[in-house]
Every structure is written in structure tokens, then in C-alpha cells.
Amino acid sequence: MNEQGKCLLRGDVQLQLGWDAKILPNETLTQIFKDLDYPMNCIYVNHSWAFAALPFLWQSPFTTARDPIKLVETLIKSLPVDMKNSLQQDVSAIKPWLTKHTCYKYAEWIKELQYEQLLGYVIRWFENRHRIKSNSKDSNICHSLELRSEDGSLSKETRFQVQSIFSTLISFLINSSRSLRILDLSTRYGYPHLSTMLSPMRANCESLITVTELTCDTWVPENFYYTLSLKSHNLDSLHIYHPQRDSDVNDLALLIKHQTGGIQHIKLSDSGANITMLLESFGTQSTTLSTLKLHRTNLTSKGLDALGKLVNLNSLELDMCRFLLNYPYKAPDPLWPKLKRLYLSETEDFVDVPAITVIISKVLSSLDELLLHHHLRHNDIIRKTVINQLPNVRRYDISNWVFTKANKVNT
């Protein structure tokens, strides 16, 4: 960073930079501000500085917010008038912000949208509004809303109002962002909530074009992945948990095939559906896919054959996967020529020792690290395969077998 940029971090910005710095062109200010971790002070210099700095402050507001309650208030104020009026019918708590507006369209600058963090902030905001009203001496604004049930969970009425606010905000943010990069839909609140929140998302939503990282750990509305496939062609990282419907698997396969830029990282967990078609779709990303993790998924013979075609893999994790093979596994030669890290764990009742032995024997000599978990390390065939290729192995950890390129065990 140049000296002008560095002095932004010290003391009174206006005094140190002087008058000339305050009239720098927007392009120059942008180059300076992008090297700053959190250019909050810059927005107080003048309008030009604020306009150049605010996009950086609003890139990931849900991970950097210093005042979550104020953040939610700002987002509510930035809602269009029709959304505010519609929301007021369900949530009287937003009334003070009906006539308030923001100077900037903050939602356009958001690049990272984390579902659960936003939901947590909305709950905190709602609890704060309830606390303010409960402590007010003005009986006109006191109300009898029971915030929580006897067991400490949010009451039914509270959940309804929180969901109304949140569903309005999530739809508004997804449809307003100009350069959304990370869409994290992780949530512990369950399928009905996520379906309700995402259903307003338009199929022609332009913000989906720029998404490069998608995480989703729960059920989604039907056709959600298909909607994504129509617009999202630049995914770099894809983390998907428990797709149970065959239609979701088909739509995910379509989504992956449409990624013209090339996916580098895929994590697929807890799938109860037949994912063979999905694994075969990974082949369309074979030249770029370098990291793959499969957790609690079913591997059929065709699925395992499809994995063998991923020639660019650098790291592979098969964590508690079930091997449901119809015929003995015959690995291609070479198998994963660029693979440097292999992690193998299994469910005891569905292990296919011959297939795992073939995999280990094919790739062990080129690995930097092999990690075996659970009873795989106790299997005589697998132990013999490893020790024959790594004769200098002296000991193993009680929970793992971790071999490095130096033929030593890391505990």
C-alpha cells in the first residue's frame, strides 16, 4: 500500500491527508480503499470518499457488522415502499421506519450473503424492539406479545413476525445485489423456513450470475437448483448437504454441467438419493475440479467409475460412504495422477475392502498424505498393502493412521 493509503489508518484522516487528498478521483480512492481491512473512518471525510468506501464496508456486512441491530434497521429502511407497507401488515414493530429511507442502495454492494447470520441478526433486532416497547412508559406502544415460550424457544407469534421480516429481507437482498459472490444458505431452522424464504426468488434474478460459492445444508424449494442453473455459470465452490429428491439430484447435475468457468471444490454430504448421475456430471469439470469431499453418500459401481475420470483431483475425501458395488472395482491407469491427499473413512457394514485396497495401491506412491480412520487401519489386507509400499512405517495413532510422503506417521 502507498503512503497515502497507510495514513488513512492513523488519527484524523482529514488533517493528515490535507485538502488535495479529499478531491482524489473515485478510481484512485477505490484502489487505496481496497487494501484497507475496514475503511470506516473514510466515510466521514466527504461525499466522494464515502461513496468510494461504502461498497467495501458492505461487501460482507453479516460477518463484519459491529452493530447487528443497527444493520437490520438500515436494511429495513432501505426496503422499497411497497415492501415496507406489505411487511407492516404482519409486523407492527417496523412502523417507525416506514417513512425513513437510506441515502444509498446498500444492498447493491453486498457480495456475501449468509442466511443464518442474517436470521440471527433479525431475531436480535426483534428482541431489542420488544425490550424497548416493554420498558416504555407509554401505554400506547406497550403490547402483550409473548416473545418466548416456557421452554425458551421463540413463541409461535414471534416466529411468524421474525419470518415475515426475514423472508422480506432475504428476497430483497438476493434480488438487489449487483455482484453477489457467496450465497450461504446454511441453517438449522429446517426445510419449511428455507422454502418460504427462497420461494420469492425470481428465476431471472441477475444477482445469481455472479455467484461463485454456494453452500446449502438443508432442503430447498423444488426447482431451486434448476433456477440456479439458468443463471449461475461461474461457480468455483459448491457445498451441498442431503439432496434427497431425485429431482434435486438431476437439477444439481444440470447446474454443474452449466459451469463454464470450471468448479474447483465440491462437497456433497448426507445424500439419500441415487447420486450416480450427479457423480457422472462431475466429469464435465474434470479439468478444474481439484478438491472433492463425499460424506455419507452411496457409491455405486458407475459412481465410482465416474470418480476415476477426475484427472485433476488434488484432494479426495470419502467420509463414511457406503460402497454398493455391483462388480469388482477396476481402477483406470493412472488413477488420479495429481492426487496428493486421500482421506478414507467408512461405515462398518458397507465397506468394500477390495475396492479400497485397489484405490490405495494405485495412488499411494504419489500421495503426500494418506489418512485412514476407524477400523480400516485394523484390516489386515489394507495394512499389508500400505506397509508393503511404505516399509519404514513404525507406529500408528490409536484413532488414525496418517502417512506422509516421508513414510512417517503424524499423530
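Q: Does W109 count as buried or exposed?
A: In this predicted model, local features need pLDDT of at least 70, side-chain atom pairs count only at pLDDT 80 or more, and totals for chains, interfaces and linings use all residues. Residues are numbered from 1 along each chain as its sequence is written, and side-chain values use heavy atoms, leaving out hydrogens and water. Buried means under 20% relative accessible area, exposed over 50% and partly exposed in between (1.4 Å probe, protein chains only). W109 has a relative accessibility of 15%, so W109 counts as buried.

Q: How many aromatic pairs are there?
A: Rings of Phe, Tyr and Trp (its six-membered ring) pair if their centres lie within 6.5 Å; planes under 30 degrees apart are stacked, over 60 edge-to-face, the rest tilted. Counting this way gives nine.

Q: Which geometry do F51 and Y104 adopt?
A: Their ring centres are 6.3 Å apart. The planes meet at 40°, so the pair is tilted.

Q: How many residues apart are F51 and Y104?
A: F51 sits in helix α4 (residues 47-57). Y104 is in the loop between α7 (81-88) and β1 (112-114), putting the two residues apart by 53.

Q: What is the relative accessible area of F51?
A: Y104 is buried at 16%. F51, by contrast, is partly exposed, at 42%.

Q: What kind of pair do F51 and W109 form?
A: Their centres are 6.2 Å apart. With 75° between the planes, the pair is edge-to-face.

How values were computed. Helix = DSSP H or I, 4+ residues; strand = E, 2+ residues; numbered from the N terminus.
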